[in-house]
Amino acid sequence: MLHALLSTIMLFVLASRGCASPTIGQALQKNAQAPPASPKLLAVYMPWFGDHTHLDVGYSSQNPAVLRKQIQQAQNLGIAAFVVDWYGEARPYSDHSFALLQQAASEGHFQVALLYNEAEDADAYTTDDAMSDFDKAYQSYIGPHAKYRDAYLTFDGKPMIFIFPKAGHVNWQRVREHCSNWEVEPLFIYKDQPPADLANEFAGSYAWVQPGPGGWAADGSNWGQQYLENFYKTMKDKHPDKIAVGGVWPGFDDSAAKWGLNRHMQSDCGKTFNETLNFYHHYYDASAPPPFLLIETWNDYEEGTAIERRTEKGCGGDPGSASERAPPHSH
């Protein structure tokens, strides 16, 4: 069913004002037959909208009706789970949003997982803070006493926790040992390749939206081909025993973010999404694809990667032609 799902997603991504690409449509028609196996589609979810510190996108991440609608919309596109940006108890608003989202996921037969962001400082207590955050996650979202644990994403029965590294000061060996007494030990999935001395602490890696060795092109034309080539080749050849989570993105534009660095990756009228969505085929046989593809993102309007209500303007291939940000009234 993967190709049918991909076709649905692409039609959604391209359903817009002035963006009709016969080339993309023809390419999708050629992929009518589904392969014997398919990756599970996940999407990164930002839980902080409605908090005044972030862009106003016209809804609150703590509105149950919004969450139910988003889950239904994602399910209609073949997405099985949201991987939710999470900082532990350091950001109570996002933590509460996750709790509400997990409840809605349980009720809607959907799944969620945590994308844990390391602290950016070099505080001596960084590792202790991570362990405390994971204790919170186990108690509230993952462990046997978590009310909606049925909605938490697992692989071979083990809960998955994605790790987004920052300053690199967390001792993940200590954290993993700390979590080894859980009812079911979690699987830690690292962004890209972890440091060699920590490789054994992680069950796999996920790709993340970036241009790769060539860097950010001024015209936004570098969509990350070299990066994805290196990621899939490394996982296939050097880490066949690890979980490979491929990356999918529609483009990138951080000009709306307070922390933006004027980085652009053009959408090319949906072709960037199509290329990244199907790139794993170059390295994996159809009968044994990677277990997951992670769409980056569902709703990050600040970095221009949202597919939630994506439209395309112009389709001329110039950076910023993708209109995946919030509606004009929300700025």
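A cavity is a set of grid points where a 1.4 Å probe fits but cannot get out. I looked for such spaces in this model, which is predicted.

**Entry 1: cavities.** I searched the whole structure and found three cavities of 30 Å³ or more. I noted the volume of the largest cavity as about 60 Å³. I then listed its lining: Gln193, Pro194, Ala199, Phe202, Gly204, Ser205, Met235, His239 and Lys242. By class, I counted four nonpolar, four polar and one charged residue in the lining of the largest cavity.

**Entry 2: the largest pocket.** I turned next to the open spaces. The largest pocket has a volume of about 620 Å³. Its lining is made up of 25 residues, and I wrote down those closest to the centre: Tyr87, Phe164, Lys166, Trp259 and Glu303. I sorted the lining of the largest pocket by class and got 11 nonpolar, five polar and nine charged residues.

**Entry 3: helix 5 and helix 6.** Two packed helices are described by the angle and the distance between their axes. I looked up both for helix 5, residues 126-142, and helix 6, residues 172-179. Their axes come within 9 Å and cross at roughly 30°. Angles under 35 degrees count as roughly parallel, so I recorded helix 5 as roughly parallel to helix 6. I noted the crossing of the two helices as right-handed.

I then checked which residues meet. From helix 5 I listed Thr127, Asp128, Ala130, Met131, Phe134 and Asp135. On the helix 6 side, I listed Trp172, Arg174, Val175, His178 and Cys179. I sorted the contact of helix 5 with helix 6 by class and have six nonpolar, two polar and three charged residues.

**Entry 4: backbone exceptions.** Most residues other than glycine have a negative phi, and most peptide bonds are trans. I looked for departures from both.

Which residues does a cis peptide bond join? I found Glu296 and Thr297, with omega at about 15°. I placed Thr297 in the loop between strand 11 (292-295) and strand 12 (311-312).

For phi, I noted Asp156, which has a positive value of about 55° although it is not a glycine. Where is Asp156 found? I traced Asp156 to the loop between strand 4 (154-155) and strand 5 (158-164).

Notes: Residues numbered from 1 in each chain as written. Predicted model: local features only at pLDDT ≥ 70, side-chain atom pairs only at ≥ 80, totals over all residues. Heavy atoms only, no water. Axes fitted to C-alpha atoms, helices over the stretch in contact; angles between N-to-C directions. Helix = DSSP H or I, 4+ residues; strand = E, 2+ residues; numbered from the N terminus. Parallel < 35°, antiparallel > 145°, perpendicular 65-115°, else oblique. Left-handed = near helix turned anticlockwise from the far one by under 90°. Contact = heavy atoms within 4.5 Å. Nonpolar A, V, L, I, M, F, W, Y, C, P; charged D, E, K, R; others polar. 1 Å grid on protein atoms, 1.4 Å probe; cavity = no way out; pocket = protein on both sides within 12 Å on 5 of 7 lines; lining within 4 Å. Points joined across faces, edges and corners; volume = space filled by probe spheres on them.
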